[in-house]
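Keep the sequence and the structure in view while reading.

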Amino acid sequence: MILVTNNEGKVGCATTATGLRNGNHALDAIESGIRIVETDESVRTVGRGGFPNLVGTVQLDAGVMDGTTLRTGAVGAIEGFLHPVTIARQVLERLPHELLVGPGAERFAREIGAEAGENLIDDVRASWERWFDAEVPDDRRASWPDVPLADLCRHAIDPEVGRDTTVFLAIDAAGNTCAGTSTSGWGWKYPGRLGDSPIVGAGFYADSQYGACACTGAGEMTIRSGTARAVVAYMRFGADLREAVDAAIEDMARLKTGLISRVTLHAIDTRGHHRAVAINGTHNTYWYWDPTLEHPEERETEIVQVSPRTFESRAKP
């Protein structure tokens, strides 16, 4: 058994570890831990307390994957519900689909009786209002929000750099390897934006034969590179965990534009190894647990320095 979660998973990791120790399925253990993170108002990038989009609305994304069946469930741009991870889990359990977004995801959430609630809390609303007052031109305010937003999105800055999606990776006593994610996404994002968290193969992937990976940071980069699936695929084709993560980082280093410096990879293999790597990052931590530990343990995230030219010579024929 093993559990890896990023720093934002701190409040939920003990619950997930207890579930694994008690013999629960990895998906059950992951869901129970993420639900706690989703209601922690101090985590500004997950659930209640998360930063809103450009028009001041909190839109949530989540995804889960069972590495034994290779089934996934995900929801994106969902509003008015407290636990997107549970809605994503029910997509996996009840539907022949893998991903629901927007009004369709909200319809499904009501159908299954998912817990509704307001995710925009007062101090976060005040932060958005300060941005609005400082950045939105006077000539757009009378018609707000029915105004052009693209240029505002281009210049919007995530109000809290260094805080991320929460990701949980676990292997249970039966060997089921699973992954889960939940996020409110990029603060001040364009309405409807999906990052990598609900995108299977980009933000999360699990295969009980090989391992699992989940990513945090600028999801646009891992969508372009298919990062989570790439790590698992490299292991399938013979790479060990370290080699697989390095190869996926090399894939991202080939991107000519973007924010690869805002990406952290969390990965495990079925032999009990794990790795958490921040690309060009600064000090950060993650949480680790296995049955030799009484409680989850906070550890230092590895930092790898990469530029688009790092692997340039390898790319040439």
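The count of salt bridges in this predicted model comes to 15.

**Helix H2 to helix H3**
- Glu 31 and Arg 89 form a salt bridge through their side chains, with an N to O distance of 2.9 Å.
- Glu 31 belongs to helix H2 (residues 26-38) and Arg 89 to helix H3 (residues 84-94), so this pair ties together parts that are 58 residues apart in sequence.
- Glu 31 is buried because its relative accessibility is 14%, which is under 20%.
- Arg 89 is also buried, at a relative accessible area of 10%.
- A network of salt bridges links Asp 28, Glu 31, Arg 89 and Glu 93.

**Helix H6 to helix H7**
- In the salt bridge between Arg 140 and Asp 151, the closest N and O atoms are 2.7 Å apart.
- Arg 140 is in helix H6 (residues 138-141) and Asp 151 is in helix H7 (residues 150-155), so the pair connects parts eleven residues apart in sequence.
- Arg 140 is buried, at 16% relative accessible area, whereas Asp 151 is partly exposed, at 34% relative accessibility.

**Helix H10 to strand S10**
- A salt bridge joins the side chains of Asp 246 and Arg 275, at 3.0 Å from N to O.
- Asp 246 lies in helix H10 (residues 241-253) and Arg 275 in strand S10 (residues 274-279), so the pair ties together parts 29 residues apart in sequence.
- Asp 246 is partly exposed, with 33% relative accessibility, whereas Arg 275 is buried, with 5%.

Terms used:
Residues are numbered from 1 along each chain as its sequence is written. This is a predicted model: local features need pLDDT of at least 70, side-chain atom pairs count only at pLDDT 80 or more; totals for chains, interfaces and linings use all residues. Side-chain values use heavy atoms; hydrogens and water are left out. A salt bridge is a side-chain nitrogen of Lys or Arg within 4 Å of a carboxyl oxygen of Asp or Glu. Helices (H or I, at least four residues) and strands (E, at least two) are DSSP runs, numbered from the N terminus. Buried means under 20% relative accessible area, exposed over 50%, partly exposed in between (1.4 Å probe, protein chains only).
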